[in-house]
Amino acid sequence: MAPLVTEHRDGPRDECGVFGIYAPGHDVARVAYFALFALQHRGQESAGIASAPRGRDIMTIRDQGLVAQVFDEHKLRTLVGDLAIGHVRYSTTGSSDWENTQPIVRNDRRTLALAHNGNLINAVELHSELREDDVAFSSTSDSEIIAALLATHPASRVEDAVAEVLPRLRGAFSTVVMTEDTVVAFRDPYGLRPLVLGMLEDAETGQAAYCVASESCAFDLIGAKYLREVLPGEIVTLTEGGVKTRMVGGAERRAFCVFEYIYFARPDSKMAGTVLQVARARMGEILWREAPVSADLVIPVPDSGNPAARGLARAAGLPQDDGFIKNRYVARTFIQPGQELRRHGLRLKFNPLPEVVAGKRLIVVDDSIVRGNTTRQIVQMLRDAGAAEIHLRISAPPIKHPCHYGIDMSSREEMIAHGRTVSEIAEELGADSLHYLSLSGVYEAVGVSREEHCDACFSGDYPLAGTEDHRGKYALELPLLRA
Ligand code: SF4
């Protein structure tokens, strides 16, 4: 398949979304399809579902593209079964090839399918150890390392294999794995990436079935009830007998990704007891408190800036309007514009409204800036549309450090905040003023404490020792390791 075209956004890229369900009597593949549909924002490069009737072979369909492009009615009908797992992917280790799509299937001592969200920081070491034991790999993603460790493990039950393997993994992993009769979900001891547990009730029999997902918005769409988060270091097993759980080891501290609250997770997902739409509006209120400015109108960069813009406008007592119209149908697989059209590239996604912005002193709200290319073009478009002043307000602190826990960001050198003061960045972007939300403002907005979170991309404080040595997204594609 041809390589996919990168979307017009230079912000941090979402990572992956996972789903798992054990529900005899339900059309599990269809349920997984709709859950993945709700999790589509977490990865648009590939999608896949594995399913199995209890005790029978695992079937898998996976391909590059969006959930709706990969699956059709016929494919879903072939995925019969009582248990299923699913995955949507944005590549954070390994490139965007078919071989790196998930769920990954391994046939070693046991047959299993696996879907993973996160990044291992000791992937190269584990890969070498497995290669020394003559374990072969068919992909360059770190997820296959987890799959290989579990599939080659001698424990008779897969949940016991998970308990033995989990302490060897270092990094971020919210993972679902299935054999022909069991679904197991587990999360790294720091709880870096999200994972939640839900329950589906059969309307006729009242019988409960259980499922896990990256975010609670997946449960809303399939009619499941949110029960709780899967705890850091917890192994949750879904079988005929219901849910079994056990804790394996513990980290010195929790380190949930603070960026999930700001941007990655869907605004209707609930995290830390808060619906994120509400937390993001509070970020806007605090932005105003931290940096008020004389202005006529608040406009968001759609859609990511919407909730914070609403909160800021409310706190400021200023009107809010749409300064841009966003084309909602720009997918990752569009036809490349030619040279002439490329100069107008960004307008594929945003078109400014001169009737709204001309002559106005604008507060423009967005959730984050990484390289700054998109923001620079947005500022220029607003100037061309006649804006009198442009005051940028960003509902996250400056991003200065790469993420090694499952989010694909630019290298440090490409980040606009690297080595620049805020006023230098404002000048670079062509804005009249710029303010980033403080880190304490983020925590205040969500109502959580810093001690239990990772904010390394803002602060440089990586919660796992050794993270600085991580070799990056293509670590397993070094020729030596690929042999
Ligand atoms: S480095 Fe940033 S994006 Fe990565 S896990 Fe930590 S807070 Fe999240």
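Reader: How many bridges join strand β7 to strand β8?
Author: This is a predicted model, where local features need pLDDT of at least 70, side-chain atom pairs count only at pLDDT 80 or more, and totals for chains, interfaces and linings use all residues. Residues are numbered from 1 along each chain as its sequence is written. Strands (E, at least two residues) and helices (H or I, at least four) are DSSP runs, numbered from the N terminus. β7 (residues 171–178) and β8 (residues 183–187) run antiparallel, and the bridges that join them number five.

Reader: Which residue of β8 is the bridge partner of M178?
Author: M178 belongs to β7, whose residues are 171–178. Its bridge partner in β8 is V183.

Reader: Which strands are the edge strands of the six-strand sheet?
Author: The sheet is open, its pairing is antiparallel, and its order is β5-β6-β7-β8-β12-β13. Strands pair if DSSP finds at least two bridges between them. Two strands pair on one side only: β5 (104–107) and β13 (242–247).

Reader: Which strands stand at the edges of the seven-strand sheet?
Author: This sheet is also open and antiparallel, in the order β3-β2-β4-β1-β10-β9-β11. Two strands have a single partner each, so one side of each is left without a neighbour in the sheet: β3 (59–64) and β11 (225–229).

Reader: How many bridges join β9 to β11?
Author: β9 covers residues 196–201 and runs antiparallel to β11. G198 has Y226 of β11 as its bridge partner. The bridges joining β9 to β11 number four.

Reader: At what angle do α9 and α15 pack?
Author: α9 (residues 276–290) and α15 (residues 439–446) have axes 8 Å apart. Axes are lines fitted to C-alpha atoms over the stretch in contact, and angles between N-to-C directions run from 0 to 180 degrees. The angle is about 140°.

Reader: Which residues of α15 make the contact with α9?
Author: Contact means C-beta atoms, placed from the backbone, within 7 Å. From α9 come A279, R282, M283, I286 and E290. From α15 come G441, V442, E444, A445 and V446.

Technical notes
Two residues are in contact if their C-beta atoms, placed from the backbone, lie within 7 Å.
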